[in-house]
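Dear colleague,

Please find below the structure I promised to pass on, with the sequence beside it. My notes follow directly after it, and I would be glad if you read them with the coordinates open.

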Amino acid sequence: MAIKIGIDVGGTFTDFLVVEEGREPRIHKTLSTPEDPSLAVIDGLEEMAQIGGSSCSLEEFLEATQTIVHGTTVTTNATLTRNGAKSGLITTSGIRDALEMRRGIREEQYNNRYTNVVPLVPRYCRIGVEGRIDRNGDEIKPLSLDEVSEAIALFKQEGVEAVSICFMNAFANHEHEQQAAELVRRQMPEAYLTVSTELLPSIRFYERVSTTALNSYVGPILDHYLNQLQGRLAAAHFSGLLLIMQSNGGVMSPEVAREKAALTLLSGPAAGPGAGLVYTQVHDRDRCIVVDMGGTSFEAALVAEGPLMVNEGTIDRHRIALPMLGIHTIGAGGGSIGWLDEGGLLRMGPMSAGADPGPVSYGNGGTKPTTTDANLVLGYLNPDYFAGGKMKLDRQTARQAIEASIATPLGISVEEAAAGMYRVACNNMAQGVREITIKRGFDPREFPMVVAGGAGPIHSCLICDELEVPFQIIPRESSILCAVGMLMSDLKHDFVRTYVSRLDGVDWARVDAIINEMRDEGAELLDEEKIPVERRTFFVRFDCRYLKQYHEVSFEVAADDVASHDSDAITRAFHEEHNRLYGYSLETQKVPIEIINLRVQALGSSEKPRFKATEYGGSDSSPALKGERSLYIFEQECFKTVPVFDGHKLNHGNHIVGPAMIEEETTAIFVSSSFNSVCDQFGSFVLYRKGREDLVASITKGEGNEQH
């Protein structure tokens, strides 16, 4: 049978989901190998080949594998750790410092000690050359090819590995960029090259130059990683389809990823929101909050009629203007280190112990107490059943580390210190959820929360208490939710062109030509990826603003409205979206609307794995009871002995009254005193606030869908 595999490489663990027709999906986790992430991928695949009742060699396993969808944090980590390629920039004379000046706005305006972010390209490698295009695309001054050659000579002398080319107004005429690119390819054939108009042919110079520089900075790193990964897979006889997760929630071929490496800057967490929606739709809901707490970071995303998309964002304070999911990330994971600041206040993260050495309780040489160590002391983790018993945790060393670093300096007990670490970590994560809900005009109480990550379900009840969220869904595959989402993802390619015009004076022939050009580019890529025509869909978006406004609003335009050139319908759609985002529109004032960009997304629908529903098994959960354990109950601020259930033995309809623990091989779920739990027809654990039985009425009656 053909096998499909989703692989999510994280900072601490590498996650796997194996889907094979006629068999239950299999999940697996292995420690990541930061020095070469592809090693953990191959190690995990080899382990998967040996388990699950059909032991075989890695080669036999991969020969039967049809598709591998892979998400990676290689480019993200290279940016965060400043470990990217040495880069050079060729730009228009007089504006090389735009990369450093940015928008001229300090992020923290009242912090006089706030320093500017260090550019990814050092100033001596940012070279301005003569040549100028005006905003209409007309040449004012020819490009000086001699100065371009001088820049290339300097780059060779300085050992530059990657070159960016970004000229003023190139979005209106890319001829100068193409001339410079031809010289670079001829004189530096070994260098990684990014041309701004090939990556982002749109208005706003800083956004374009920053995105171009980011792409070159991480491009060689991703290229090297893909070479290692593809080489190792080929050596193990894999001849199937390898797809790479990208930041917009879709997937792409390795060839596209190599050229547009910046598309992978949110590759790891981008699959989570789409997967979360799949589990939410089982309960007849079309929106949710998805949170994912892993070993290093915590991601929160909002899904409202589809995952929330943004056309630009930042990574480590560097601007990137490519479509991506609106995911908020903070340094809060199982490996987040607890420490005291100058004022003696307890902090958690963003520093992480990672996979090596990891938390103190791993016994790999770690000395600083982490969230995992606190969870162990509080009883949420079973030291003999971590990762299904493959790893033994040392409670005593965890206590000693917390005592030395937190408890003794604060003059409190180890248990109080651990409880404080737990609460601070949960408060940090609750604030992360507020960033993607309240600050965007959404009430978190109106959304079910889908909880993911190996550490997420231990903390979710307190997070939901902070936010007053009454309904949680913890999928059976929660610890590898992103790997699940990767197998649920479609191929996506985004295109943008700048077209500035008032909406009431549009040259529709020009608009049609631009949109068709982008459609053709998308179709060409989908051809290369062997997506049949009947599984292709194209979406059109306009970026518009009220005349003289600075920020534009991006909104989808119906295909019929574009085809019929219906300006009135597009105007109404803009007013509605502006009102939704900002709480007002200027419709009655008749303020003219200006188009800035046209966008097209080419989507190739993939075949999704389907999970079968189970029969209703009644409410009695006692057959899954495996014992009792003393653990910390945060509502009462004390320890209490609670029942512990084997999550693998819980069936559809089984009911658990909190407080309790549910243990699985790859995660542990803490059901607090404020919540109860019931298992739905697909094995997900639905936690609902006591007194809100109406939220789970269909589950307790044995109703549900057949498959999803």
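Helix 13 and helix 14 are oblique to each other, and I begin with this pair, keeping in mind throughout that the model is a predicted one. The assignment follows from the packing angle, since helix 13 (residues 414-436) and helix 14 (residues 456-467) meet at about 60°, with their axes 9 Å apart, and an angle counts as roughly parallel only under 35 degrees and as roughly perpendicular only from 65 to 115. The crossing of helix 13 with helix 14 is right-handed. On the side of helix 13 the contact is formed by Y422, R423, C426, N427, M429, A430, V433 and R434, and these residues meet I458, H459, L462, I463, E466 and L467 of helix 14. Sorted by class, the residues of this contact comprise nine nonpolar, two polar and three charged.

Helix 1 (residues 37-50) packs against helix 8 (residues 205-235) at an angle of about 25°, and their axes lie 9 Å apart; because angles under 35 degrees count as roughly parallel, helix 1 is described as roughly parallel to helix 8. This crossing, too, is right-handed. Helix 1 contributes P37, S38, L39, V41, I42 and L45 to the contact, while helix 8 contributes Y225, Q228, L229, R232 and L233. The contact of helix 1 with helix 8 has eight nonpolar residues, two polar ones and one charged one.

Turning to the strands, I would draw your attention to strand 14 (residues 298-304), which is mostly covered, six of its seven residues being buried. Strand 14 runs antiparallel to strand 13 (residues 287-293), and seven bridges join the two, with R287 having A304 of strand 14 as its bridge partner.

Elsewhere, four strands make up an open sheet in the order 28-29-31-32, with mixed pairing. Strand 28 (625-633) and strand 32 (668-671) are its edge strands, each of them pairing on one side only. On average, and with direction ignored, neighbouring strands of this sheet are turned by 30° against each other. Within the sheet order, strand 29 stands next to strand 31; strand 29 (residues 638-646) and strand 31 (residues 660-663) pair in the parallel sense over three bridges, and the bridge partner of D646 in strand 31 is E663.

Is F13 buried or exposed? Its relative accessibility is 18%, and because buried means under 20%, F13 counts as buried. Once its neighbours within four places in sequence are left aside, F13 is in contact with D8, K29, T30, L31, S32, Y362 and F386. F13 and G294 are 281 residues apart in sequence, whereas their C-alpha atoms are 8.0 Å apart in space.

With kind regards

Key:
Residues are numbered from 1 along each chain as its sequence is written. This is a predicted model: local features need pLDDT of at least 70, side-chain atom pairs count only at pLDDT 80 or more; totals for chains, interfaces and linings use all residues. Side-chain values use heavy atoms; hydrogens and water are left out. Buried means under 20% relative accessible area, exposed over 50%, partly exposed in between (1.4 Å probe, protein chains only). Two strands pair if DSSP finds at least two bridges between them. Axes are lines fitted to C-alpha atoms, for helices over the stretch in contact, and angles run from 0 to 180 degrees between N-to-C directions. Angles under 35 degrees count as roughly parallel, over 145 as roughly antiparallel, 65 to 115 as roughly perpendicular and the rest as oblique. A crossing is left-handed if the near helix is turned anticlockwise from the far one by less than a right angle, and right-handed if clockwise. Contact means heavy atoms within 4.5 Å. Ala, Val, Leu, Ile, Met, Phe, Trp, Tyr, Cys and Pro count as nonpolar, Asp, Glu, Lys and Arg as charged, and the others, Gly among them, as polar.
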